[in-house]
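Here are some short notes for a colleague who is opening this entry for the first time.

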Amino acid sequence: MPKELRKRGKRHRKSATDHHTPAQEQELIDEGPSSGPSWIVPRDDSKQVNPEAPFGYVDPEIKAYFRTFDDQLKEWQQNWDEAEGDEDIDPNENRRMFLMAALQEISGKERELATDPECAGGLERMTYSMDDFVRRVFMDSLTGSYELLIKHRFASHVIQTLLAVAPDTIARESRGVLPKVEDSDDKGQLRTLTQLISTFPRYEILPSLTALIMDQFASHVVRALLLLLCPQLFRSDAPHKSQAFVRSRKSAAWKAKQGPLKSIFGDGPDKGKASAEGRHPPEFREIVKKFVTMLRTSLDANEVRSLAANKVACPMLQMALEIEADQGLSDEPGSLMDHVSVGLISAYHNDPSAVPEASDYLATLLRDPTSSHLLETLVLRCPESIFDILWSTYFERSIRKLAMHPVANFVIAKALERAGPEQLTYALGELRDSLSKLRQTRIGVLRALIERTATLSVLEAEICEAIFSAFQVSTEEDRKVFVLCALTLKSTSVSDILQSSKAAAPLDPVSPEESPKKHSKKSQEAAVDPLEPTTTGALLLQSLLRLHAPHNALVLDSIESLPPQGLFTLAHHPAASRVLDAIIDGPTIPSRARRALLRALEAQFADVIDDRIGARVGARCWAAADPYFKEKLARALLPHAARLAGSSHARFFTRGLALSLLQRKPEEWRRVHATPSSGATAVSSEFGLNKPTASQITQPTPVLEEVADPAPTSNTTSPARAHKKRKRGVAATDEIDALFDDAFGRKVARSALEQETAQSLSSPETKKTRQGGAGASESVEKDVDLGVVVDAIKAAPRGEGKKKSRRLGP
């Protein structure tokens, strides 16, 4: 810069605020280390905690490695049954080494990974593949941080998943199955998972329980913990019912998009079910009791009632009422149920004859979408005396109006499940005129009314008459189409229903190529039929089948009057087929009606099982049939054996029937398959109706032929001759099987052999020779065996025998 442009500015004196003593300057300099110049002092953040990462951030390299590990886990969980690499090496061994390497890499960083949004999902996926020892180490590493973790947005789901897989390990520990742990003085003693579950809720959850049940992230973890501590209270046949206490619909939909969450080592599907049936640790019951006691002592009546309107805390209060009733603590003044019922229990203990006034609070719970679930639990779990007060005070006066309400009808349905004979009589009289509207919109109230009458065995004739009037069924022709009316929840005339059903039902049997398209979602959405069977209609018919005979005849007679094509259509429908299942397996169904259904399905049994839904119906029919009818069903499948063997659905049904054995040795087939125990096991195991054995899955048909001895053809045959003949038959069968296996393969050879043998056995010449006595039957069997051997030799590759003779020659 030139000198003429340089100007000296005014000198400013230092203010008192800018003046630092040497001690203060030294204190600022020594405040912390710095990688930059010495005059840059870092800010002190030791007292500030980032709520998104309370334990710090994950190193980028660890995050990249964990992302790769998560992708590999997803691939293995989707295709865990596919073998990898060399056949001599166990694929689970490579996966186990890969998992152990990842566990060693993340050791000491469990908290950081659980709170990271990108790594928390992979950590959840990993917990399903952890063994008992690794789960114990993982839970022990989080000790002291559970209160902070369960309030975190991502870590709360990790803890919830860890609690969901814990029952398997706890069940094994209750049976004394513990992994070996190496003793080390520096690390201390590793506690079992049962001890960890019994310890951390007392010191990390109970002190702040009232605040945690109101937290949007911690509340579902506390509910998952209660589900683990007392599974017998919340376990249900339907998995979504038990999970409704833990996960919201949004959370369940998100989890469904993550793909299959299971072990990468191919653990059995019944592992969790078997473990849930194990012994329950007794200390868990005491922990649950402390949860209820904490809520009763720390919350007053108004605070408890305010939880009912909270979407986060209401499910927790609902579980608390279940636990309190199970512990026998609900029938006490000052209990949680007493607070929710607005002091009904206290008033009853003070004066049992007093009639309390209706409370606006409970009237509001009846119509609130969130709080009505709490009132359902109150109705089901309250003492009998309190239920009578609730019925007379809140339900009896306006049961017709509440049954038509879109929310209150669920509470009325639960109340009808506990109603006594007098209350049921009053409800039926009040709702008789409204049943025609209830069948269209509020089917739950109608089903509860029917099932309660079936349970108490009262008013069954009256409920049948009310159902007929609701569907406007009066004549005998109307009764024949009652099933079609109930499935569609409509009351149309007989002619309209018959014409519509004929137009909707396919006239020709469904081919195997078209059967998968029939059940696709796109086709169902594209063609909406007003007379399409509904799920609610099928549930209504199943409830009616629970009535005792002869009151359930209104459904059975209508099923028997259906044409064969209509019954065939019901057997292939996902919802309507459940009605046939209820007829086959129902305890109140007369045996005559069950046999009539089986005879109606016999003629088209091959077409029935050649479908995804029909195969399940066929398996139930086979399990319910007697030995004589099982043989009739098997012989009905013989002409269609080749087609069914290639079907994607029917082959699972016919795989255990051994139809070739029925053709060649009927007596032996009857001993092996046409018995009540073996017949039900051989086919029903493919569809989950009972548990299969290893021999039934892996053992082929020729093994059964070798084990069982054929029946003697004549009483005059000597033992030596019969023994010699048996050896020739077994040897010929083994030679044929071996030759066809080498030439074509087992499946192709077996189907060809079945067709040829069926034609030979059904020819008139064979029938004539069978009438000639034992000698004629022996000659026929020899001719059949020789013919099969000659055909197999012709089908074998040429030149093979010559090469063999040259090698064996001198």
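**Notes on cavities and core**

1. Four cavities of 30 Å³ or more turn up when the whole structure is searched. The model is a predicted one, and the values below are computed from it.

2. The second largest cavity has a volume of about 40 Å³. Its lining consists of I150, L163, F200, I205, V221, V222 and L225. Two elements, α9 (193–205) and α11 (218–229), each give two or more residues to this lining. The element that gives the most is α11, with three residues.

3. The largest nonpolar core has 182 residues. Those with the most contacts inside this core are M126, I197, F291, F395, F482 and I559. Again α11 stands out: it gives the most to this core, with nine residues. In soluble globular proteins, nonpolar side chains tend to be buried together.

4. Which residues does I197 touch, leaving out those up to four places away in sequence? They are M139, L163, I170, L225, L228, L229, F284 and I287. Among them, L163 and L225 also line the second largest cavity.

5. As for the chain, it contains 54 helices and zero strands. Of its 810 residues, 42% count as buried. Among contacts with a separation of 6 or more, 74% join residues 24 or more positions apart. The accessible surface comes to about 44600 Å², and carbon and sulfur atoms hold 53% of that surface.

Technical notes:
Residues are numbered from 1 along each chain as its sequence is written. This is a predicted model: local features need pLDDT of at least 70, side-chain atom pairs count only at pLDDT 80 or more; totals for chains, interfaces and linings use all residues. Side-chain values use heavy atoms; hydrogens and water are left out. On a 1 Å grid over the protein atoms alone, a cavity is a set of points where a 1.4 Å probe fits but cannot get out, and a pocket is an open set with protein on both sides within 12 Å along at least five of seven lines; lining residues have an atom within 4 Å of a point. Grid points are joined across faces, edges and corners, and a volume is the space filled by probe spheres set on the points. Helices (H or I, at least four residues) and strands (E, at least two) are DSSP runs, numbered from the N terminus. A nonpolar core is a set of buried Ala, Val, Leu, Ile, Met, Phe, Trp, Tyr and Cys residues joined through side-chain atoms within 4.5 Å. Buried means under 20% relative accessible area, exposed over 50%, partly exposed in between (1.4 Å probe, protein chains only). Contact means heavy atoms within 4.5 Å. Accessible areas come from the Shrake-Rupley method with a 1.4 Å probe; for residues, only the protein chains shown count as cover.
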